[in-house]
Each structure stands twice: as C-alpha cells, then as structure tokens.
Amino acid sequence: MAINTGRTVEQVWAALDGFRIEVPSWGFANTGTRFGKFVQGGAATTIEEKFADAAEVNALTGASPTVALHVLWDLPGGKADVPAIRALEKKFGVRSGSINPNLFQDAEYKFGSIANPSSEIRKKALDHLLDCVEIGRELGSRDVSMWIADGSNYPGTQSIRKRIGWMEEVLGATHAALGEGQRMLVEYKPFEPAFYHTDIADWGMALELARRAGPKAKVLVDTGHHYQGTNIEQIVAWLLHVDELGGFHFNDRKYADDDLTLGSIDPYQLFRIFHEILSSGKDDQAGIAFMIDQSHNLKGKVEAMVQSVVTAQELYAKAALVDRERLAELQQQCRLVEAEECFRDAFWQDVRPVVRDWRAARGLPVEPLKALAESGYVEKITHERGSKNARSVSSYA
Ligand code: LRH
Ligand code: MN
C-alpha cells in the first residue's frame with residue numbers, strides 16, 4: 001500500500017512494535033448503568049475468567065500483555081490474593097498491570113474517602129491505598145492508578161478548602177510508601193457520582209496534587225472525564241510539557257462519562273492525542289501508560305475489547321504517518337491550510353492494509369475480530385459460564 005505522507009511502512013511498523021495498551025479486568029465483567037445491566041452469559045465473574053479473556057485479546061492483537069486490576073473486585077482478599085494472581089499470570093501469560101484502589105463503594109465513604117471530614121475514615125482510606133502499593137510491589141506492577149470519587153452534592157455542605165488539605169496528607173503518605181519503580185497516577189473527573197463539587201475535578205487539581213505528593217506521582221487522563229468542548233489534546237500537550245503525564249484511560253463518549261468503545265464516536269480525537277505524544281520527542285511510549293477503561297453494556301465483552309485494541313493500533317499507526325518535520329515547517333510559516341492538509345492527510349490514510357501486513361509479519365491473525373469469531377472462544381465461554389451468569393441479578397434498585 002502506497003503511503004503518500006512522506007513516512008515509510010517501516011516507520012509505521014516500528015510504531016506498532018512499540019505500541020502497548022492495557023485492558024481493564026472490569027471490561028470483561030457484567031456492568032451496566034444505574035438503570036440496570038444486561039447480563040451476558042459469557043461475561044467474566046472470576047479473576048481467572050478475566051485473565052483468560054485478557055489472554056485471548058493479547059493472543060489476537062499482540063498488543064495487550066497486561067490487565068488492569070481493581071482491588072476490591074479482583075483481589076477481595078487483598079495482599080492474601082497475590083499468590084493466586086501470580087499463578088494466573090503464569091497460566092495465561094498476561095501480567096498484572098495497574099493496581100486500581102476502590103475508595104468509592106464502601107458505605108463509610110458516603111461523605112468522602114481521603115477528603116472525608118472524619119480522620120478515622122481518612123485513615124481507613126490511607127490503609128487501603130497502602131495495601132494497594134504493597135500489592136503492586138509484590139506483583140511487580142508499576143502503577144497504582146487512583147480515581148477518587150469524593151465530592152458533595154449541595155453548596156455549603158462541605159469545606160472545599162479543608163478537603164484539599166486532607167487529600168494532600170493522604171496522597172503524601174501514599175507517595176512516601178511507593179517503592180523503587182512504582183508510581184501513583186492521579187485521575188480526575190468533573191462530576192459523578194458527586195453532582196455539586198468533585199474534589200479532583202480537572203487536570204489542574206490533579207496536577208497540583210501530584211506535584212505536591214512527589215516525583216513518583218503523575219496525572220492520568222481519562223478521555224471521558226472532560227466537559228463537552230474541552231480541548232483534551234491541549235491538556236495532554238501541557239502535561240507532556242511539565243513532564244507530569246502518567247497515562248490514559250481511553251474510551252469514547254457522546255455526552256458524559258459514557259465509557260463507550262474508543263474511536264466509536266470521535267476517532268479524530270484519539271488521533272490528535274496520539275499526535276501530541278508522538279511529537280513530544282519521547283523516543284517511546286514507555287513512561288505513558290496506555291489503558292482502556294470502558295464498560296461494555298451492550299456489545300459482547302471480548303469482541304468490544306478486541307475491537308478497541310485494534311482501533312487504537314490503527315489510530316496510532318495513522319498518527320505515526322504524520323510527516324512531523326514538514327508539518328513543523330508549515331506551522332512555523334503559518335501556512336494554515338497546507339499544515340492542516342499535511343496533518344489530516346495521515347488521518348485519511350487507510351492504514352488497515354499496513355497493519356494487516358504487520359500482523360502477518362509478526363505471526364498474528366491479520367483480522368483479529370474475524371479470528372475471534374472463527375475461534376469459537378465466545379461460544380465456549382458462554383457455554384462454560386452461562387448457567388452461573390444466568391443466576392446473577394440485573395436490576396439496579
Ligand atoms: C471512574 C473510572 C475510574 C475507574 C472506574 C471503573 O469513572 O473512570 O477510572 O475506577 O471508572
Ligand atoms: Mn477511568
């Protein structure tokens with residue numbers, strides 16, 4: 001396939017060789033909205049089933065060797081579950097990725113966790129974070145990726161200022177516990193479940209908290225956690241500029257934090273983000289964790305995950321096609337239309353033939369979704385897990 005953007009197939013293949021994206025264990029489980037969930041017979045309910053599905057996705061795409069773990073959901077026994085996880089890593093050939101604390105489910109966290117007015121409850125939250133750091137150290141996984149749902153629903157009901165101080169104390173203590181090579185990622189979200197103020201609501205708040213916590217703390221950008229109209233790639237450019245970009249939770253949305261499959265609504269958005277990263281002069285993606293964070297309420301869970309990894313590879317390949325030297329010249333000379341055409345030209349390229357050739361050359365199925373359908377894997381897990389899932393509840397209230 002001719003590439004007419006001044007880039008070579010080799011350069012695209014090199015980009016694909018270095019591309020890794022982490023899949024979320026919870027993306028394989030039965031999830032829903034507050035109005036209920038549509039149970040799938042093949043959904044994963046045990047951590048073993050989640051590792052099995054993650055291994056299937058990695059075998060088909062060659063790009064997702066790690067699976068993100070959500071501690072309460074995947075290690076209900078905490079540190080005691082580490083040996084079992086290690087055994088699953090060996091059995092399925094995928095490694096534990098980011099460790100996600102859960103400070104949003106327990107009843108005690110009604111008025112917050114690390115920002116709760118009660119010092120006892122903040123201590124409980126800190127203990128959970130320290131457990132997660134320990135679990136990460138024992139599993140050899142780099143990132144403790146924390147999303148703090150804390151906030152309030154009505155003006156005047158909480159002191160926003162005092163809560164900032166309380167958060168800083170807990171995040172500082174968590175940072176101090178991090179071992180060699182460990183990082184903590186601070187994820188922000190403007191609203192939900194809190195609907196008046198959220199304590200870590202945007203990139204600025206997450207950045208300041210990360211900086212004050214210490215050098216091992218970075219910011220995590222969940223693409224679904226922005227108000228409509230927010231220029232997300234500009235936030236990415238800033239976080240790269242100040243060397244505080246730790247990683248991403250990729251998904252897509254039409255309205256709010258819809259957690260739809262990445263590239264399904266606005267693929268150009270992810271292309272623009274990948275372009276900022278590839279033009280950041282970072283020789284590889286290593287320090288920036290690419291992770292998927294989606295809930296597949298209607299699509300088949302494994303199909304949606306394979307589709308997401310494939311789409312991410314294709315959009316990364318497109319971004320690798322941008323002739324960045326030529327673009328820099330045109331931008332410097334403010335030759336607007338030529339610069340835009342140089343930029344968009346890469347996006348319009350159909351990279352699928354190049355990616356298919358790369359898969360063939362790497363001994364991977366050239367059409368992962370087709371290979372999944374032909375493998376009978378989904379039918380197999382639906383048969384094996386169907387009766388168990390049929391017993392699980394679907395209603396919200
Ligand atoms: C919060 C969030 C967070 C996860 C959860 C599953 O909306 O993005 O990253 O813990 O989804
Ligand atoms: Mn997220």
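Trainee: In this predicted model, in which sense do strand S6 and S8 pair, and over how many bridges?
Mentor: Strand S6 covers residues 183–187. Within this pairing, Glu187 stands opposite Leu220 in S8. S6 and S8 pair in the parallel sense, over four bridges.

Trainee: Which residue of S9 is the bridge partner of Leu220?
Mentor: S8 is also joined to strand S9 (residues 245–250) by four bridges, and these two strands run parallel. In S9, Leu220 has as its bridge partner Gly247.

Trainee: What is the handedness of the β-α-β unit that S8, helix H8 and S9 make?
Mentor: The helix of this unit, H8, spans residues 232–241. Together with S8 and S9, helix H8 makes a unit that is right-handed.

Trainee: Why is strand S8 largely enclosed by the rest of the structure?
Mentor: Strand S8 consists of residues 217–222. A residue is buried when its relative accessible area is under 20%. S8 is largely enclosed because the number of its six residues that are buried is six.

Trainee: Which residues coordinate the manganese ion (ligand 2)?
Mentor: The donors lie at 2.1 to 2.2 Å and follow the spacing E-x34-D-x26-H-x43-D along the chain. The residues are Glu187 (OE), Asp222 (OD), His249 (ND1) and Asp293 (OD).

Trainee: How many residues apart are Glu187 and Asp293?
Mentor: Glu187 is in strand S6, whereas Asp293 is in the loop between strand S10 (289–292) and helix H10 (301–320). Both Glu187 and Asp293 are buried. The pair links distant parts of the chain, with a separation of 106 residues.

Trainee: What is the geometry of the site of the manganese ion (ligand 2)?
Mentor: The site has six donor atoms, with angles of 72 to 168 degrees among them. The geometry is octahedral.

How values were computed: Residues numbered from 1 in each chain as written. Chains lettered and ligands numbered in written order. Predicted model: local features only at pLDDT ≥ 70, side-chain atom pairs only at ≥ 80, totals over all residues. Heavy atoms only, no water. Buried < 20%, exposed > 50% of the residue type's maximum accessible area, 1.4 Å probe, protein only. Pairing = 2+ DSSP bridges. Right-handed = clockwise from strand over helix to strand, strands pointing away. Donors = N, O, S within 2.8 Å, 3.2 Å for Na, K, Ca; no water. Tetrahedral: all angles 85-135°; square planar, octahedral: opposite > 155°, others 65-115°.
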